[in-house]
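Dear colleague,

Please find below the structure that I am handing over to you.

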Number of protein chains: 2
Amino acid sequence: MRIYLAGPEVFLPDPAALGAAKKAICIRHGLTGIFPIDPPTPMPSGPPDWRRIHAACEMHMRNCDALVANLTPFRGAGADPGTAFELGYMRALGRPVFGYTHAPGDYRLRVEAGRDGAAWRDAEGLEVEDFGLAENLMLEGAIAASGGVLLRAAAPLAWTDLSLFETCVAQAARGLTAL
Amino acid sequence: MRIYLAGPEVFLPDPAALGAAKKAICIRHGLTGIFPIDPPTPMPSGPPDWRRIHAACEMHMRNCDALVANLTPFRGAGADPGTAFELGYMRALGRPVFGYTHAPGDYRLRVEAGRDGAAWRDAEGLEVEDFGLAENLMLEGAIAASGGVLLRAAAPLAWTDLSLFETCVAQAARGLTAL
């Protein structure tokens, strides 16, 4: 089984090292991890600009059986939009999607909000979801509907601590065998 | 042609009014707009909790021919993760995806970053994409690859000004006719 390893770790100074560590964990659980920046085969010709990176990631996803995403909040209250895009992409293909986050609290508590009748609202007056979820309901809904899990645990080194990732991979391995 | 109207406007105090305004604009351009909170037909039974909202949105997307997304930064540097999820979902289904943002500047300029060799890095040391794009390359890559456009223009009322939305819908209408 091939697992697409989504998350903002592609932006780390040495993303290949983090990707290798994630792949080693996948192997321990009988899975093959595919990291977004892995060179695709065949490699498209031309300059490695954003169009080629995007095309390679879509190709990788189509060749994977499931996705494990790091949904830790990224530069704001919610998950990285690129990672959320990939979660939606794999969900639409009918592949099981799993996630983990190093922000263990509910989404509602991460946004400064005040009560307005039945709803919580941020400073702009926009509603803050209050479903006891860690993330936007579309992400959590897709994970739940696909048979996946979203795991939460704090980690002091949010982008390099892989213990929660390993727990998630282990659950994915069991879940994918059962599917 | 049915257009899924993605964006964080579902969190406005009166989302139905905004949805109605967007749909009226779609009609002017020969398109039918579907707003995420529209009651689906058939309506699933049970309580209107997050699982049902998620299931209804996925059903709406599968019944739409294209997507127009408000990618204005939401509670952070990037687009709403729920909207990014939906962009990925429709892209995986092979549907054309269009976007607009009321933050007209490049993504790189929205994140406090310093130069580190060839890359820009944020306070956590994570790379800040510097491709001259308004958003994460996966979102822009999907829009470009699908034949869509991502339009940028400032608007003082980012969540209720619909002039850029209308320009985007007009371009989508022309593009969908040509496809």
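Predicted model: local features only at pLDDT ≥ 70, side-chain atom pairs only at ≥ 80, totals over all residues.

I begin with the relation between the chains. Chain A is superposed on chain B by a rotation of 180 degrees, with 0.0 Å of shift along the axis and an RMSD of 0.0 Å. That is the relation of a two-fold axis. The copies meet through the same surface, because 100% of the interface residues of chain A are also interface residues in chain B.

Next comes the interface itself. In it, 51 residues of chain A are in contact with 51 residues of chain B. About 4,200 Å² of area is buried between chain A and chain B, and carbon and sulfur atoms give 67% of that area. Of the area that chain A buries against chain B, 20% is supplied by Trp50(A), Arg75(A) and Met138(A), which is more than any other three residues supply.

Two packed helices are described by the angle between their axes and the distance between the axes.

Between the chains, helix α3 (residues 81–92) of chain A packs against helix α3 (residues 81–92) of chain B at an angle of about 40 degrees, and their axes are 6 Å apart. That angle makes α3(A) oblique to α3(B). The crossing of α3(A) with α3(B) is right-handed. On the α3(A) side, the residues that make the contact include Pro81(A), Ala84(A), Phe85(A) and Leu87(A), and on the α3(B) side they include Gly88(B), Tyr89(B), Arg91(B) and Ala92(B). The residues of this contact of α3(A) with α3(B) comprise twelve nonpolar, two polar and two charged.

Within chain B, helix α2 (residues 50–62) also packs against α3(B): their axes come within 10 Å and cross at roughly 40 degrees. α2(B) and α3(B) are therefore oblique to each other, and α2(B) passes α3(B) in a right-handed crossing. Here α2(B) contributes Cys57(B), Glu58(B), Met61(B) and Arg62(B) to the contact, while α3(B) contributes Phe85(B), Glu86(B), Tyr89(B) and Met90(B). In the contact of α2(B) with α3(B), five residues are nonpolar, none are polar and three are charged.

With kind regards

Terms used: Residues numbered from 1 in each chain as written. Chains lettered and ligands numbered in written order. Heavy atoms only, no water. Least-squares fit on C-alpha atoms with pLDDT ≥ 70 in both. Contact = heavy atoms within 4.5 Å. Axes fitted to C-alpha atoms, helices over the stretch in contact; angles between N-to-C directions. Helix = DSSP H or I, 4+ residues; strand = E, 2+ residues; numbered from the N terminus. Parallel < 35°, antiparallel > 145°, perpendicular 65-115°, else oblique. Left-handed = near helix turned anticlockwise from the far one by under 90°. Nonpolar A, V, L, I, M, F, W, Y, C, P; charged D, E, K, R; others polar. Buried area = accessible area lost by both parts, 1.4 Å probe.
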